[in-house]
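Thanks for coming. Please look at the picture first.

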There are 2 protein chains.
Amino acid sequence: MTAPEVRPLPADSVGLLEGLTTTRAIRRYTGDLMPPEVLRDILFAATRAASGSNRQPFRFIVLIDGPRAVAARRLLGERAREIWAGKGQREGYRSDAEPRSAKARMARTMAEYVGGFESVPVVVLTCLVRYREPAPMEGASVYPACQNLLLAARALGYGGVMTGFHRGIEPQLSELLSVPAEAFIAATITLGRPQGGHGPVRRRPLAELVFEDTWGSAPEWALDPPGTAYTAAGPPARPSATAG
Amino acid sequence: MTAPEVRPLPADSVGLLEGLTTTRAIRRYTGDLMPPEVLRDILFAATRAASGSNRQPFRFIVLIDGPRAVAARRLLGERAREIWAGKGQREGYRSDAEPRSAKARMARTMAEYVGGFESVPVVVLTCLVRYREPAPMEGASVYPACQNLLLAARALGYGGVMTGFHRGIEPQLSELLSVPAEAFIAATITLGRPQGGHGPVRRRPLAELVFEDTWGSAPEWALDPPGTAYTAAGPPARPSATAG
């Protein structure tokens, strides 16, 4: 018996810097399933991330349509709606107030997202197997892998978002999925083929986030490239920086 | 007066999936400085990462050769040597025992790295501005940005590594660099132009890290692509999976 032929990774159609600077949270998906070879490529990229002492404490539970997957997705969907209802109310996300505002758009997107959570194409629970007491820096050994996962999805024409919808139901999920006691559920990630238009990545201007030599002191070189889109926290409008 | 012309991001020479699967920790650097435009591109990519509710709580303090940078790098260098001396002894990293073993190689690399810490081209302290009590998932809002930073360095022909060399000296660093009390120093990252040969990314086989439907159950599709290099935790050698 000879070993089956294993696929190499596909060729890239997105550049590295391009992917890093333009990948955004994707919460609306087409009904397309994700083929196993795409999942292999995405998870392979996730597991190539660095971790402290290269211990690789990250584990990924892929939830598609297996019996426990369906039950876990139901739990997560209920919890997602609960969490979003609380947050939406607390933080004033209303789809009817100022319907064209960023908050109203987010309210509509989130309502649709959590409302249909059970039918997102793929859910991945990322776990961290702890070998010592919880510490603030432990996330350095699991969230880089989550970021690789989301970037790899983008590389292959898919998209996703990292959420905390497992928070508050860890005991039920851990029992259902046989997650051992030493493993912390670090993220609930949904993945699928992006549907419809998605806006640009919006962030605060670089000079508000990057300092040199001391806190608060933006370096002269902290200039956003032409075409940068800003969050409300940043300047709503400013003269074109490319006008020569 | 017209605004100065701001550079666009450079074109990519590395693919996204390629970068994700082959970027490794770089601890040996040439003496090359990092031009401001390269730092701009790297930090811009870092700050495009997602964070919870897009709050962007990450801040980056770039330490090059300013007066406080030099003092901070000295503190970090001393602490790096202290941390490594303890870890090297505890975990049996010795450069003389089995000189060709992975541990002996790592011992030599680390001795050189921490010994010359003050002269690495660039040190970046990544901080997380907390708006609520510390929580295990807070790292999801800062370590994806650190991963973007390291991947962007790779995209531009540089490399780096994320460390915890600030641990134990946070009060001194925070005072020196005016880091506010609500900001947690999440990572000490060094960057530079890679020197000499660097081996491939080595990880455990995919089937040890990825499960479907339940913990411990590897999906059939969890097959490493041809050419995958493994850590000692993985299989030291196995028959070629590409033999058809």
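I start in chain A, where strand S2 (residues 122-129) and strand S4 (residues 183-192) pair in the antiparallel sense over eight bridges. Helices (H or I, at least four residues) and strands (E, at least two) are DSSP runs numbered from the N terminus, and two strands pair if DSSP finds at least two bridges between them. One such bridge has Cys127(A) facing its partner Ile185(A) in S4(A).

A word on the source. This is a predicted model, in which local features need pLDDT of at least 70 and side-chain atom pairs count only at pLDDT 80 or more, while totals for chains, interfaces and linings use all residues. Residues are numbered from 1 along each chain as its sequence is written, and chains are lettered from A and ligands numbered from 1 in the order in which they are written.

Which strands make up the open sheet around that pair? The order is S3(A)-S4(A)-S2(A)-S1(A)-S6(B), five strands with mixed pairing. At its edges stand strand S3 (159-163) of chain A and S6 of chain B, each pairing on one side only. Neighbouring strands are turned by 25° against each other on average, direction ignored; axes here are lines fitted to C-alpha atoms, for helices over the stretch in contact, and angles run from 0 to 180 degrees between N-to-C directions.

Two helices of chain A belong in this picture. H2 (residues 36-47) packs on the sheet, touching S1 (58-63) of chain A and S6 of chain B, and its direction makes about 160° with that of S1(A). H3 (residues 67-90) lies across S1, S2 and S4 of chain A, at about 95° to S1(A). Contact means that C-beta atoms, placed from the backbone, lie within 7 Å.

There is also an open sheet of five strands in the order S6(A)-S1(B)-S2(B)-S4(B)-S3(B), again mixed. In it, S6 (residues 210-212) of chain A runs parallel to S1(B), joined by three bridges, and Phe211(A) has Ile61(B) as its bridge partner.

How are the chains related? A rotation of 180° with 0.0 Å of shift along its axis superposes chain B on chain A, RMSD 0.0 Å, by least squares on the C-alpha atoms of residues with pLDDT of at least 70 in both. That is the relation of a two-fold axis.

Finally, the contact takes 89 residues from chain B and 89 residues from chain A. 100% of the interface residues of chain B are also interface residues in chain A, so the copies meet through the same surface.
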